[in-house]
Amino acid sequence: MHEISVARSIIEIVRQQLAGTSDGDVKVVRVRLGTLAGVVPESLEFSYGALTAGTRLEGSRLEVLTVPAQARCRNCLAEFELDEETFTCIACGTGGPEILSGREMQVVEIELGE
Amino acid sequence: MMNIITVERSILAKNDEVARMNREMFRNSGLFVANLVSSPGAGKTSLLERTLEYFRGSVPIGVIEGDLQTDLDSQRVARYGVPTVQIMTRGGCHLEANLIRDAIGKIDLSNLRLLFIENVGNLVCPANYDLGESVKIVIASTTEGDDKPLKYPAMFLNASAMVINKTDLLPYVSSDINVLRANALRINPQLTVFETSCVKNTGIEEWCSWLKRQIIPAS
């Protein structure tokens, strides 16, 4: 359950971005999470809600943009969306592909409203 | 009116920045640092004990122990006469770079060649947190089942080596060591694999010889 500590890091980044501004309320905080990042979106959203209660961010929503894992076969060089249960090339069946994406953990943007 | 502030920042940027500083400090001290990760009870502390025993009197080693509660592990390790720092995370499920930064302030790194960080027993959370280590070593025990790499791929993806521990129990469990090894290599073909039993003291020589080769030559 490291979602709480991930949520805390997100909130800290948002606070830094908002420091010194008073451009209205935060509506949405958008984050990008790869499917291999090992973070459960539902737990993260819950943690975010719990940690923002009673702060300037109360009532804002955390939106998770999921990035699927893309891989490249080390044998036949085929690129494909990784089946995370097998880690095997869909073209030639070789295991252990090179991971091209799926480990992302980023704060993308903050949406403000009136 | 809708207003968007573009951020595009890594969520773990702060941790990674501290990890970078730790890594620089380790490099300046000529230290090879191994971050030991596994589920609870896989045998991280036992492997550490066998390793400390092996290197006793020949290689100066330091240990940072991470646990939710108690200093039981650092007590076990301290018996081998090595400098040890216990981090208690008080419920935190993994170690973060700033905890390591604070811990290395309590240990004299200057004469050490090897530093072990024993992470909190957890096969999920420690995967994402860079501590500044040279390598992550994942310990998988035969009693956990041979499917663990497929269930917890991130840890095996980020590790440089895997130690399959408790090989003495293979006759009593349904795990197939060949399947366990194949599953781990399917996720990360670059893993160096060791097989150990800390009870029977087998495989320790091979594991420690590999460690010895990783030690940074004195300049």
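Is A:Ser5 buried or exposed? At 12% relative accessibility, A:Ser5 counts as buried (buried is under 20% relative accessible area, exposed is over 50% and partly exposed is in between, with a 1.4 Å probe and protein chains only).

A few words on how to read these views. This is a predicted model, in which local features need pLDDT of at least 70 and side-chain atom pairs count only at pLDDT 80 or more, while totals for chains, interfaces and linings use all residues. Residues are numbered from 1 along each chain as its sequence is written, chains are lettered from A and ligands numbered from 1 in the order in which they are written, and side-chain values use heavy atoms, with hydrogens and water left out.

**View 1. A:Ser5 and its partners in chain B.** Look for A:Ser5 in helix α1 of chain A, which covers residues 3-18 (helices, H or I with at least four residues, and strands, E with at least two, are DSSP runs numbered from the N terminus). Setting aside neighbours within four places in sequence, A:Ser5 touches B:His94, B:Glu96 and B:Tyr129 (contact means heavy atoms within 4.5 Å).

**View 2. Helices α1 and α4 of chain B, packed together.** Two packed helices are described by the angle between their axes and the distance between the axes. Here α1 (residues 13-28) and α4 (residues 97-104) of chain B meet at an angle of about 35°, with their axes 8 Å apart (axes are lines fitted to C-alpha atoms, for helices over the stretch in contact, and angles run from 0 to 180 degrees between N-to-C directions). The crossing of α1(B) past α4(B) is left-handed (the near helix is turned anticlockwise from the far one by less than a right angle; clockwise would be right-handed). From α1(B) come B:Asn15, B:Val18, B:Ala19, B:Asn22, B:Met25 and B:Phe26, and from α4(B) come B:Ala97, B:Asn98, B:Ile100, B:Arg101 and B:Ile104. Sorted by class, this contact has seven nonpolar, three polar and one charged residues (Ala, Val, Leu, Ile, Met, Phe, Trp, Tyr, Cys and Pro count as nonpolar, Asp, Glu, Lys and Arg as charged, and the others, Gly among them, as polar).

**View 3. A salt bridge between the chains, from B:Glu8 to A:Arg32.** The structure holds 18 salt bridges over all chains (a salt bridge is a side-chain nitrogen of Lys or Arg within 4 Å of a carboxyl oxygen of Asp or Glu). In this one, the closest N and O atoms of B:Glu8 and A:Arg32 are 2.9 Å apart. B:Glu8 sits in strand β1 (residues 3-10) of chain B, and A:Arg32 in strand β1 (residues 25-34) of chain A. Both ends are partly exposed: B:Glu8 at 42% and A:Arg32 at 21%.

**View 4. Salt bridges within a chain, starting with B:Arg23 and B:Asp130.** The closest N and O atoms of B:Arg23 and B:Asp130 are 2.8 Å apart. B:Arg23 is in helix α1 of chain B and B:Asp130 in the loop between β5 (114-118) and β6 (135-141), so the pair ties together parts that are 107 residues apart in sequence. B:Arg23 is partly exposed, at 27%. Over in chain A, the side chains of A:Glu63 and A:Arg61 meet in a salt bridge of 3.2 Å, N to O. These two belong to a network of salt bridges along with A:Arg30, A:Glu109 and A:Glu111.

**View 5. Cysteines without disulfides.** Searching the whole structure turns up zero disulfides over all chains (a disulfide is a pair of cysteine sulfur atoms within 2.5 Å). For A:Cys76, the nearest cysteine sulfur is that of A:Cys89, 3.7 Å away. For B:Cys93, the nearest is that of B:Cys125, 3.3 Å away. A:Cys76 is partly exposed at 36%, whereas B:Cys93 is buried at 13%.

**View 6. B:Thr70 and B:Thr89, two loop residues of chain B.** B:Thr70 lies in the loop between β3 (61-67) and α3 (72-78), and its phi is near 70°, a positive value in a residue other than glycine. B:Thr89 is in the loop between β4 (84-88) and α4. B:Thr70 is partly exposed at 37%, while B:Thr89 is buried at 15%. Beyond its neighbours within four places in sequence, B:Thr89 is in contact with residues including B:Asp67, B:Leu68 and B:His94.
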